[in-house]
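Please look through the model below before reading on. My notes for a new student follow it.

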Amino acid sequence: MIRTHRLAAGVCALLAALAGGIAFPGQAVADETEQAAPKVELVLDVSGSMRTADIDGGTRMAAAKQAFNEVLDATPEGVQLGIRTLGANYRGNDRKEGCKDTAQLYPVGTLDRTEAKTAVATLTPTGWTPIGPALLKAADDLQGGSGTRRIVLISDGEDTCQPLDPCEVAREIAAKGVGLTIDTLGLVPDAKTRDQLSCIADATGGTYTSVQHKEELTDRVGQLVHRAADPVVTPVATEGTDQCSSAPTLKSGLYTDREEFGQQRWYKVAVDPGQELRASVSVAADRAVNADYGVLLRAVTVHGREIVRGEASGLGRTDVISTGLRYPKAESDDEDTTPETVCLQVTNSFSAASGVKTSPGLPVELTVDVVDGPSQASDVASFGLGRGWWLLGALVLTGFLAGLVWGWVSRWRIAVWRSN
């Protein structure tokens, strides 16, 4: 009986080892690249409504000042931080002048905590709420460099400078492909303020947070500033075309683009013999869209023959829909090493809800990765069963031999039992 258990355990160990070879291929080592200094600008609403005393017994302005002081003390050394205000200087009733009231209180750069705190201490709730113009100026403040760029907007009310819709402003900023994220925080917001701030954040892939207490404001602003210091891959802005022949040629990397509703965008990738193309695409619904939509990613030859495709569909329950594909280019039997031009086509079937603007187009994020083709030893699974038949054969042979040994042991035990 002991020998039988040992034999069974040995067979199981062998099968587990073979299965482990399939399930756990060698891990790739990620390249480490030096990140540029991240930039953050805090945009603070200093309009008259910030005098309201409804946050832990104090005014909204007092809560914002306390949060700024604590965040400035805890800002990481590598973060370049600036402060911009809106509604802080003009005290009159001229709407045209009030909608120009945005100024940079502290320039984006290496942080001098004492100087920044002194500037914040001088703020007094004053005028209008020009959120749209402030966002445009803040985007200009963060120009240059390749590191993370983030705007943190703190406001307690709607923009009062329509028709310059701050949500449309955020979409225009995102459409420029500058890799800038806008996070918004609403101080004791009503429904309209919440909807507007949420729309601004959604347009750039940021977050919205409703704040009711001083501790919540301090914690959230601090989290966003520290998040900017985390290493990230900054997408490269590109512009697809309506046909493959004029499409931009992309290398391995992360790219952003804009695609109109129901539009096609084309890109080109060069794939050498023995390499594999891996591509994925995500299209975001940054505004209200109708239900039942889909995204299609196709790899075709320059002559229009489809090689492989990936597709996904949605019912209106998600904001982002993604799909991908893989294309291994076989090794050439001769000495021809000419790369193959593969055309990538991105198509969406989104349609805008009633009354929703269709321009700019929907945000598109495209990932392209051209790697060495998988080998028999390191990536068998990528070929399905194409090159994995030998493993299947090894498993069958192992099972057959295990059955023979098990039968021999069983007959031997029976013979011993009869003789006893």
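The points below cover an aromatic pair and a helix contact.

1. This is a predicted model: local features need pLDDT of at least 70, side-chain atom pairs count only at pLDDT 80 or more, and totals for chains, interfaces and linings use all residues. Residues are numbered from 1 along each chain as its sequence is written, and side-chain values use heavy atoms, with hydrogens and water left out.

2. The whole structure was searched for aromatic pairs, and one was found. The ring centres of Y293 and F350 are 4.4 Å apart and the planes are at 20°, so the pair is stacked (rings of Phe, Tyr and Trp, its six-membered ring, pair if their centres lie within 6.5 Å; planes under 30 degrees apart count as stacked, over 60 as edge-to-face, the rest as tilted).

3. Helices (H or I, at least four residues) and strands (E, at least two) are DSSP runs, numbered from the N terminus.

4. Y293 is buried, at 3% relative accessible area. F350 is buried too, at 4%. Buried means under 20% relative accessible area, exposed over 50%, partly exposed in between (1.4 Å probe, protein chains only).

5. The contact between α5 and α6 is made by I131, G132, L135, L136 and A139 of α5 and P166, V169 and I173 of α6 (contact means heavy atoms within 4.5 Å).
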